[in-house]
Amino acid sequence: MMTIDMLCRVVDNYGDIGVVYRLARALSELDEAPRLRLVVDDLSAFSLLEPGIDPGRAVQSVRGWTVLSWALTGPESAAARNAAYEDDPALVVLECFACGRPDWLEAMLFDPSDAVARTIVNLEYLTAEPYADEFHRMPSLTRSRKVRKYMFLPGFTAATGGLILDGAFMRSLDRFSRAESAGADRRELLARAVHASCRKLADAAAVDAAAADPASLPATEDRIWALVFGYERDYGRMVDDLAMFAQDRPVLALVAGGKSQPCFMAAWERAGRPFPALALPFLDQETWDAILAASDFLVVRGEDSMSRAALAGKPFLWQAYPQDGAHQLVKVKALLDRMKPHFTAEAFRPVEAAFLAVNDRLRDSPLTCGSERVLPLLEAAAASGRAAAGRTAARGTARGTAEGFASFAKSLSGNGNLALNLMTYLREIV
Ligand code: TRH
């Protein structure tokens, strides 16, 4: 059985640890699963996604993995670390997003007195840019001939490592695509999410009732669920479009915990609370994934949530992480290029317009706003949404748009599970 050391440094937000945690789960689900040691610099961030993590413990066992703090200092930590590596040295290292390696691991890998060959694979950020096909599996140099290094790129084509298809997420997609159970399942899920850590229900009329009994939430399961997880921004335009859409269809906005929540809720208040909105607490990743899989229209940010939205086959709008000089637009355009063949020209126009408008910004702040319109995408959600089935007639390009998202999702699953692709590759090179 292979042992992999997965390394993660949390730069900002939750994308890095989100992918590492998801990949660890997906690797552990495989037949002939590897043993995993996860070396993470921010255990507090990790514990938000996986509540089994104790941020105060330098070495711990969670889900069958050994989890180590990056900064292992002090004699006790060193002893616990040595015990973790004693009979099982670090031979295969998965360095995630060029995060570097802690000094103590570096010393193990490049120990001049040790002749054993080691392998480092650098898992890169997800991008739809064409270079992903080219750089995937490319070797790169290290300062020692004993230590080989390669790149592994997730992506949207068969020439890349693909996307992570972890069991919990895939099961949620399957569960919420079945019309017969979706209503009851959605009610149960929402009650679970609302009762998570810091319960916050923004639909004032429902606050007290839900606090007493989650089953008394207003009939939420039949509404069109619009999930919003973004960066700081003025969400006024989005709220206006949701309000217009909600005039003749029932909508529930599910507003993710994090920096977009106060911005969205402020816009919603300014607009006079035109539809019910539920401010979610920050959820553990599996519950969050279930909420995403159960929703009909997705506003997502970062690469991990974008990849989930794309795999879900639902109409979505991606707010990319802002980069110097609005470089995020290059990434957004590359993604649009991959999506385009799945849509008719007419159906793609509103998708492209919304993606470009929401991403055309130099920095984020509560005052940043663009010219985005989400109404056409909402129409597509209504055409595809199980919640709206049988009640809402598709208008204009909506049905074509919904089909485009579904077709894109199918092509992505067809590239296989990144976890399996990675293990197959490691078995070739190690
Ligand atoms: O948090 P992000 O904005 O992460 C970003 C990007 O990945 C970006 O590329 C990176 O460079 C930057 O961080 C530093 O968005 P992302 O990628 O969607 O990651 C969020 C993770 O948090 C994802 O795994 C889902 C998870 N999550 C929960 O587990 N519970 C929640 O309640 C929410 C809202 C998210």
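A salt bridge is taken here as a side-chain nitrogen of Lys or Arg within 4 Å of a carboxyl oxygen of Asp or Glu, and by that criterion the structure, which is a predicted model, holds 31 salt bridges. One of these is formed by the side chains of R37 and D5, with a distance of 2.9 Å from N to O. This pair links distant parts of the chain, since D5 belongs to strand β1 (residues 3–8) and R37 to strand β2 (residues 35–40), the two residues being 32 residues apart.

From this pairing we turn to the ligand, where the space that the ligand takes up is the largest pocket. Three elements, α1 (15–28), α11 (285–294) and α12 (302–312), each give two or more residues to the shell around the ligand, and the largest share, four residues, comes from α12. Of the 23 residues around the ligand, those that come nearest are Y231, L283, E303, D304 and S305. Sorted by class, the shell comprises ten nonpolar, seven polar and six charged residues.

On the backbone side, a polar atom of Y14 is 3.0 Å from an oxygen atom of the ligand, while a backbone N or O atom of D12 lies 3.4 Å from a ligand oxygen atom; from a side chain, a polar atom of Q285 lies 2.9 Å from an oxygen atom of the ligand. As for how far the protein covers the ligand, the ligand taken alone exposes 700 Å², of which the protein buries 97%.

Note on methods:
Residues numbered from 1 in each chain as written. Predicted model: local features only at pLDDT ≥ 70, side-chain atom pairs only at ≥ 80, totals over all residues. Heavy atoms only, no water. Near = heavy atom within 4 Å. Polar contact = N/O pair within 3.5 Å; in protein donor to acceptor, adjacent residues only side chain to side chain. Areas by Shrake-Rupley, 256 points an atom, 1.4 Å probe, with all protein chains shown as cover. 1 Å grid on protein atoms, 1.4 Å probe; cavity = no way out; pocket = protein on both sides within 12 Å on 5 of 7 lines; lining within 4 Å. Sits in = over half its atoms within 2 Å of the grid points. Nonpolar A, V, L, I, M, F, W, Y, C, P; charged D, E, K, R; others polar.
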